[in-house]
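Please open the structure in your viewer and keep the selection panel at hand.

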Amino acid sequence: MNLSAWHDRLKRHFEDLRRSRSASAGDKPVFALEHGLSTDELRALSAEIRLHIANHEPASNHALPWVVYAAEIGYRYAGDEYWQTFEEETPGWLTRGHREWVRDQFRWFCDQFHGACPSGSWASHFSIICWPITHAILPRDLQQQLARILYQLRHSFSAHHFESPSALGKLIETRSWDATSRFKNLAQETALVGQIAAALLLEGEQGSAGLLLPATLKRIGDDLDHERRAREWLRRARHLAQERARFRGLSTPRPAGYADSSRTERAREEVAALGIEPRLVLYPNGPEDSSWDVWLEIPDLSHLLERFPAYRDALTSRCGVAGSSGRLLARGFLFQGKGSHRIRLGRWPRHDELLLKFEESLPQVEYLLRSECLLRPGPIWLFRIASDRLAYELRSLRVRPGQRYVLVSTADSIYSAIGAHRTSLSCEGVHAVVFDLPSALSQELADALKGLGLTQAKNIQVWPAGLAAAEWDGEGHGEWLSTEKPCIGIRGDHDLSAVKVAIGLDALKELDLGPMKSGAPIFIELPTLPAGAYKLRVSACEHTGDELLGELDLVIREPQEWAPGATPQGPLVFQVEPSVPTLEQLWEGRVELELHGPLGRAVVCTVKLFEKEDAPPIVSKELPPLQLPVTPSGWKAHFSKHFREMETFQNAYDASRACELEFRAEELGAVFLTCEREFTPLRWVLRREGPRQMLILVDDTGGSPPAAVDQFRFKTPDVRQRSHPDLATRTMEVPKDGAMFVARQGDSTAAVIAPPERRTFTKLEDLGCNPQILSRTRSPDAAAWIVQLIELWSCARLTGNLLSQTRQRQVLYALTRHLFYVLGGEGWEEAEASIPDGDEEFEHLKRAVSSKFEERGFAAKIALECAALMASTKEQRIQRFTSYARSFLHLPRASEESMQNIGATLVRKQVERTPDDPDWLCEFAIRLASDPTRAAAWARGATLGGLTKLYERPVLARAARFLVLAVSRKVENRVTCGGRLYAGWDWE
Amino acid sequence: MRQLSVEEVHATAVAELGLGSLPLDLEASESIAAALRRAAGFFCPCSARTLIRAVLRPLDGLVSDLGAAEEAIETTLDALVAHGDLLEQREFSVEGDGIGRVLLFAAPPSFVARSSGAALLLGITRDQVSPLPEEWQARIEYVGHVRRLPANVSESLHADLVQLGLIELSYKAWLKAPPVETPAQYLARMNALVESAAPSGEIPGLTILDSARPVRYYRGRWVEPKAQSGRFVARRSQAYGADLWCYVSLHNGYPVRFIDLPPSGSKAHGCDEAWRLQLAIDFQRGQPQLFMLLPGPAGTRLLKVFSPVPGWATRRWGAIGESIPRSGGCLFAYRLPEQEIEEELRFLGELWLSEASVSAERP
């Protein structure tokens, strides 16, 4: 069959498909991958395409075979090089075809057959390849991730999600916060991804056939089946999805009064129904209940994220816990869906203090959390000491005779009336006593308890029967799973003629138990309940009406999925920041990785580098064992020494698309981390041909004319030279002494630092480099240009060869020094260039800060306080520096104009900080002097204004630089600098 | 909502534990083991007492003797630790302020491949009976605390388990057996360690395993020190968490020196080191601990042991044979293939156990 015949056949097929889709699924689009061809037919079609392009230009009357061919390559795409594969598999394309033509055919397809139309930011950044990849429906490398996310979300499905696939797509997008950047791109297209997911989940169900062509769906399902775990994930997700799609009303129950609530109140009620209130537990840390540690158990919060996707960025930012050591939890740590986390409190949180504080604070999030993430209001908190010696918080404040309790209070009272004695808490801000209740309470004791706000439990006892509840405080609060039928035991201490139990106020959920004999247990089984909070009431039926005997607070939560890796129940704790690091971040030491577990136990890390999806690793290296705990700095040093510094692995890194880290600690478990190369539309790939290094520019922006390329040499890092890659291959050779290459296309920029050829090093001094900034212009604009150059050099991608990083640092040091020449003048430049060896006190520099009598004290003060400043935090250093600047340079006081006296109360108005604000300017100066690579991002649009101010007040710039160099010199003697330019000045 | 009889509560709970196809109630060791694994998924890391409480409390009103149930739960919990479903480890703090309590952690889902192609399943998943597909869950064989998944001819069980994300433990790594030593060598090493420890003074909550008491009644050997002198395996209490295993030197009932078990550098659990130590002490005293070999069903022999032995021994027997309900006063029993007996007799000798005559078995 020739291409015209293929075109006609496919045209008939897609026309039919469009009609049937429109009839069965309304406006759901058609995908090119739904071509309905068999493997043999596809092979024949591809052969025809190749035959044609070998001699002729592609023609629009063959559009459909080409669209199918391009989508098929998209189906195999794994985020590396679409066009390279396309060109390699299609000899003749480079000379006769062009990319825009492919895009035009997809647009035509879209118009003709109501095809899927890519949209969103990824579609605008990858303006051509977005078409074949969208029409590939679900490229193979993303299938496993989609299966995992559907499995994680399975308990959140409702009929609504299958009636409106966009809603399902939105749910998937929210849950993809820890997926790869490629998957996030896919998830942006919520309507399309919802359609695909609904088709996969409802396969075989009535009405689902209209969502995707069954043959295509089967093909994707078969590919998923190759991976056992993905198959299982999808199978379990399907099971629930099909159940939920069939039966309406299985969504989270709405508490009474929901319909009348305002929108914000409804949101709060939804948060309350999630049952995410943290719980206090006291752990004994001394004999005879003499002292206790306070721990806060924070439940997994992943359902919070699913319910409120709009707050994803805030919720998945780093999080601090009120009253804890202040250490921030890694991004997404509380949202992994693996169970609750325990945090020790050294200070009792205030009654109005949110227990969880996200780094990216949002007023809406804080408002929502106020319903569940505060301690119960005091001034007393009651804990029952259980048989395992832990003291569990009783939110009901109900006591029972014969039990032992800890009473925590903000007041330092003795509570002698209840026979309490003091106990110690390793937590500031509260006091505690322990007391025992006798088996029969005297009236006096009962009154004393009442006076404290404690109530006596009724003469009825309820408990989880048969199996343990997921949580049970021993009195009246328990947690079960939505997949089980809770079984409850009830026992009274006297005969009752008739007893009934009810869930909430729902008359349909009532059960008459008949008479209850004293001491004889009765067991009831509750129905499976959707996730939410409920009350189980036990009442005695009397002639005069029902008397409430007791209540049980039930929280029903969805079960959490298991995934390989560390869990809060196991002996390994793994934290990584950022939560989904890229390959570049891993290689360049910008990943903070921690692994905790039993002290001293050995962990073996295996590093695997992958060049292709579905292919074995090109490198698999088992590193020497590490000992627990593995700290971020320990990991970086280990990875660097045993992997990154090896030439073989450096070369492999340049060719890799992903790296997999596997940490194994025998029976303690294993954790895994996959880092993929950053997915950007414009990027460089380094290839080696013998000693020569070739750079290939991968341009998926779809822009024209070809991207402009500039070259900056290490010796003259401020001089831009235009370069011209080979037009056909987009390849260029790296000069022997290396350079930075910068490509620009529209809004996209890609820079790479290519190192010198390895063979050029014959002498040790060859390893060095002395970058010279040729421009001698001094002005605020010149300073701004240097800041821009610094940003460009610092953002450039590094190759595997560590000389890339060395050269980058050398250039950044030179540019920073030059920036302070521009701001501080020639005298300062000379002083910085000639700091004598062993000048620990920096006398030479100190004198160069200012020769004016009234300003000399500024530098002297910094020098005098240097040791103390070194030991301080950055924030404290800034504060002190600003205070010295005010004293010695007579800067105005901070934001004086923002203070207003209203009546007797001094009110500080919220004013935006600008370069006119001395506090801002001092911090800006210190940031510029210590890490100019991030200073402009911090200053946002005020960089030029700030530079102008510093140019006009050079002593401030010089003093800031003096502070940075002096502290750095002292710190350097103790620690390695890591990824920072100046030791002791880490701004991340 | 419905009212259940006691029998119905047993049945629904057993089904919830994934054991619905077996004729079991909640007092069966298989059910207790499953209930402990389920509770561990909710509460670990925690003390043994927390897990025992979580499993015992729901039996209120369902069993005739809560005391006996508690003892059975404790025994099964020890077996789960020895088998590797639960890991006894010192607690650690992410913030670096070492806490140091010994707690139980849930082992990650793992397996040990057997030469028959079957797999011994280990580990715990929160909120789920198992991480395996449902059709596989139905194939799991439960014997006491041991779970074994037999292989089907049509599948590659090993590869599939790895693909599902279970961790493969080599047989050797799982056994964690120490190098072979004579009891004299081993005792000399441990005695030297305790004698070089600093003077201890009073040790709160100390109980000792009195070697002078009969070796066949393990629980009866635990006493509070009175006037004993010599070196003893012991446990000392901690504020929260399992009592710590130790080796203590006493003089007239007063502690002089002690070391915690396991000693530094040992990868064994504290209990394993302690039980090995007691085996050595009893052997050197001429009162070795006992085992018994009895005829079993076709091609098998029954091994009965009357005192706890280190986890690597029970793991080994669980791997080559199967755990069977205990009887006749033994602490645990295994059915072993006849062809393994010769090698196992050698192994029992290396454990410093002696064979008791069959006539010594209690009815």
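This is a predicted model: local features need pLDDT of at least 70, side-chain atom pairs count only at pLDDT 80 or more; totals for chains, interfaces and linings use all residues.

**A tour of the aromatic pairs and cores**

Residues are numbered from 1 along each chain as its sequence is written, chains are lettered from A and ligands numbered from 1 in the order in which they are written, and side-chain values use heavy atoms, with hydrogens and water left out.

The model scores ipTM 0.84 and pTM 0.81.

**Aromatic pairs**

Over all chains, the whole structure holds 51 aromatic pairs (rings of Phe, Tyr and Trp, the last by its six-membered ring, with centres within 6.5 Å; planes under 30 degrees apart are stacked, over 60 edge-to-face, the rest tilted). Select A:Tyr69 and A:Phe86: their ring centres are 5.7 Å apart and their planes stand at 80 degrees, so the pair is edge-to-face. A:Tyr69 lies in helix α3 (residues 63–76) of chain A and A:Phe86 in helix α4 (residues 82–89) of chain A, 17 residues apart (helices are DSSP runs of H or I, at least four residues, and strands runs of E, at least two, numbered from the N terminus). A:Tyr69 is buried at 3% relative accessible area, and A:Phe86 is buried at 0%.

Return to A:Trp463 and A:Phe523, an edge-to-face pair with 6.3 Å from centre to centre and 85 degrees between the planes. A:Trp463 belongs to strand β13 (residues 460–464) of chain A and A:Phe523 to strand β19 (residues 522–525) of chain A, 60 residues apart.

**Nonpolar cores**

Next, select A:Trp635, A:Phe663 and B:Leu51, the residues with the most contacts inside the largest nonpolar core, which has 177 residues (a core is a set of buried Ala, Val, Leu, Ile, Met, Phe, Trp, Tyr and Cys residues joined through side-chain atoms within 4.5 Å). Helix α2 (residues 29–43) of chain B gives the most to this core, with nine residues. Another core lies apart from it, with 76 residues, including A:Met740 and A:Leu965.

**A charge over a ring**

Finally, select B:Arg216, whose charged end sits over the ring of B:Phe306, 4.0 Å from its centre (CZ of Arg or NZ of Lys within 6 Å of the ring centre and within 35 degrees of the ring normal).

Definitions and conventions. Buried means under 20% relative accessible area, exposed over 50%, partly exposed in between (1.4 Å probe, protein chains only).
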